Amino acid sequence: MKFVDTVKRAGRNLREAKIRTLLTSLAIGVGAFTITLSLAAGSGGRSFVEELVSANTNPRAVYVQPKQDSSIPGAPGAGGVQEYSDAPSVSYGGGFQLTLMKESDIAAISNIENVERVDPIYNLNAKYVTAEGQKKYQAGLNTYDESITLEYAAGTGDDLANNEIIVSEDYLKPLGFTDASSAIGKSIAVAVDNPLGVEKLFNFTVAAVSKKSDLAVSGSSDLTINGTASKTVYEYSEQGTPLEKAYMGATVITSSEDAVSTVQSTLKDQGYMADTAEDLMSTIFTFVNVLQGILLGFGALAILTSIFGIINTQYISVLERTSQIGLMKALGMRNRDIGRLFRYEAAWIGFLGGAIGAGFAVVLGMVANPYITDALDLGKTRLLEFHVWQAASVIIGLMVVAVLAGIFPSRKASKLDPIEALRTE
Amino acid sequence: MIEVKNVTKAYGKKQHEFIALDDVSLAIDKGRSVAVIGKSGSGKSTLMHIMSGLDHPKSGSVLIDGQNIFELKQKQIDTFRAEKIGFIFQSFFLEGNETVADNVSLPLEIAHVPRSQRKERIQKALESVELSDKAKNKARNLSGGQRQRLVIARAIVNNPSIIFADEPTGNLDSQTGAKIEDLLFGLNKERGVTLVIVTHDDELAAKCDVQIRIKDGTIQSIDYAKELGDTSNKAKEGEPA
């Protein structure tokens, strides 16, 4: 019998036992449903992470920190008593020290090939922010980072001058502005203490008002100033301490995305800890993948169960159709073709189950997506992301599984003695 | 030409062995109609199964046109049955949920007849049993006589040279039975198809060229009731006709 004829006959045979076929496929459908959903959640999760990371990082950036010697004292495997080092560091309780980057480090990194510039990370501490005739408010102060996507209610943060500042819209009312656009061009003051507790007011002109972003992690900063201004503020606040001209880390901007990995390995060779945006992403990806793996495991379990369903159904079908098998053998159908007929029937069941499960998952996902996004506050992101190739490979995969499950019943069919088979009436 | 030579068939093992056919020999010329007559359990169905290569004998051989079919590989036996033999089983074995045309199509699909030729051949087969108008009906909606005709259409659609019919009129009233008989003998006369009818109906047997009586696995007699030329009415057991 030819392929097409066998497939058609197999399909017709199944149609004769509609309920049974449907019930068996539903068992597979549960697995297909779970797997399709978990694949969709995985893709959605990964693309959400990707959006999140790219909104907060620069693909051309390498995040550098000095290598820390040893670990927390007293922790298992810690190296015991540490030798004193003259290098600038921050001391925490228990003798734990955080090694910092020096100006010389910054200069050395700047000389690495393909490095466009090095932005030290300034740990800025504003005492308060205020405007003329207003109260003093606590506020976080950050350095402007072009790679972090900010949304503006008014003005723009691009090309921020040394005396300009971006203010979060949360601070409009407290600082006495009626709306975002009226704040532009106005002056506000940021107070900073030096190590001796002497307060100094830095005056800035409002260049832009930032909106809260769904994706920004650190972008929720209250006040943002440019690098040069940050340096000035930082140097004032740390003057005379070991932290003066020493930094927690630095952002290295490379000349192109292609250069990132070579710059990263050069930095690692020179004894720094260096992470790219991609590294940060892959760390979060790991979590998404683990979660997806767990879901996939449940789906696989459901499919494992349904395999026995297929075997059972097909086995009963062989017993019921003994005389049909006998007739086909009498008419000269080869044992191999008989076996194939039953395996194709199993494939049909797999296809049906896969299509039902995947289809149901897609429909449910479409309906549920807006609610999930709402509940988790994800902005424009869809947590469940369906791809045609994923659904297709789920269906094809299940057809293969079904055929494998159909091997045992189909062997039973092909080995039937035609004489015995024709005797049953 | 079908030649059966010293065929013995036994079921069961050793002490419980049951001899279904005991050293049976016979020969059937091409284009003859032959009746194999016997009570149930006499071995007539076993003989039919062995002659068509469905069953294997314990010993002996079956030569069809000089070729011992038990020397062929299983694949070749299957092809031989698909192309040369038509079966009419007592209990029809129709697919009730399939259409009349799909039932007739089965032997063609098995014999790898190209799709382009199938439709025409199915149409022809159905015409010759007067079922063309039922082609799209489900087989289960047919009457007894129509089903029997459908079974015949299925048997003749691959233009076989031999048709084996097991009690072809057994389940039918005499009027419908007569119609079926006409159809079968018509095929025998017009197309020269060798017709082997297994029956216990003496009336039907009398219409055949040769009657082979079988009892307890041995041939009792071979009669040439309507012998062409040969006037001797009896042949000895085991003697080729």
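This is a predicted model: local features need pLDDT of at least 70, side-chain atom pairs count only at pLDDT 80 or more; totals for chains, interfaces and linings use all residues.
**Chain A as a whole**

Of its 425 residues, 45% are buried. For contacts between residues at least 6 apart in sequence, 78% join residues at least 24 apart.

**The nonpolar patch**

Next, select A:Ile19, A:Leu22, A:Leu23, A:Leu26, A:Trp348, A:Phe351, A:Leu352 and A:Ile356, which make a nonpolar surface patch of about 690 Å². Helix H2 (18–56) and helix H9 (335–376) of chain A are the elements that give two or more residues to this patch. Pick out A:Leu23, which sits in helix H2. A:Leu23 has a relative accessible area of 54% and is therefore exposed.

**Further along helix H2**

Stay on helix H2 and move to A:Ser38. Is A:Ser38 buried or exposed? With a relative accessibility of 0%, A:Ser38 counts as buried. Show its side chain: a polar atom there lies 2.9 Å from the backbone oxygen of A:Ile35. Leaving aside residues up to four places away in sequence, A:Ser38 touches A:Gln292, A:Leu295 and A:Leu296.

**The interface of chain A and chain B**

Now bring in chain B and select the residues in contact across the two chains: 25 from chain A and 27 from chain B. Between them the chains bury about 2,500 Å², and 54% of that is on carbon and sulfur atoms. On the chain A side, highlight A:Arg9, A:Leu331 and A:Ile419; these lose the most area to chain B, together 25% of what that side buries.

Turn to the polar links. Six salt bridges cross this interface, and nine residue pairs are in polar contact. Helix H1 (3–15), helix H8 (322–330) and helix H11 (418–423) of chain A each supply at least two residues of the side that touches chain B. For one salt bridge, select A:Asp5 and B:Arg118, where the N to O distance is 2.6 Å.

**Salt bridges within the chains**

Over all chains the structure holds 23 salt bridges. In chain A, select A:Glu199 and A:Lys127, whose closest N and O atoms are 3.0 Å apart. A:Glu199 lies in strand E11 (residues 199–211) and A:Lys127 in the loop between strand E5 (115–120) and strand E6 (128–130), so the pair ties together parts 72 residues apart in sequence. A:Glu199 is partly exposed at 35% relative accessible area, and A:Lys127 is partly exposed at 38%.

In chain B, select B:Arg213 and B:Asp223, a salt bridge with an N to O distance of 3.9 Å. B:Arg213 is in strand E9 (residues 210–215) and B:Asp223 in strand E10 (residues 218–223), 10 residues apart. B:Arg213 counts as partly exposed at 33% relative accessibility, whereas B:Asp223 counts as buried at 15%.

Finish this section by selecting A:Arg9, A:Arg12, B:Glu98, B:Asp102 and B:Glu109, which salt bridges with shared partners join into one network.

**A last stop in chain B**

Select B:His16, in the loop between strand E1 (2–11) and strand E2 (18–28) of chain B. B:His16 is exposed, with a relative accessible area of 68%. Its C-alpha atom and that of B:Leu184 are separated by 39 Å.

Terms used:
Residues are numbered from 1 along each chain as its sequence is written. Chains are lettered from A and ligands numbered from 1 in the order in which they are written. Side-chain values use heavy atoms; hydrogens and water are left out. Buried means under 20% relative accessible area, exposed over 50%, partly exposed in between (1.4 Å probe, protein chains only). Contact means heavy atoms within 4.5 Å. Patches are made of residues with over 30% relative accessible area and no salt bridge: like charges are joined within 9 Å, nonpolar side chains (Val, Leu, Ile, Met, Phe, Trp, Tyr) within 5 Å. Accessible areas come from the Shrake-Rupley method with a 1.4 Å probe; for residues, only the protein chains shown count as cover. A salt bridge is a side-chain nitrogen of Lys or Arg within 4 Å of a carboxyl oxygen of Asp or Glu. Helices (H or I, at least four residues) and strands (E, at least two) are DSSP runs, numbered from the N terminus. A polar contact is a pair of N or O atoms within 3.5 Å; within protein, one must be able to donate a hydrogen and the other to accept it, and residues adjacent in sequence count only if both atoms are side-chain atoms. Buried area is the accessible area (1.4 Å probe) that two parts lose on being put together, summed over both.
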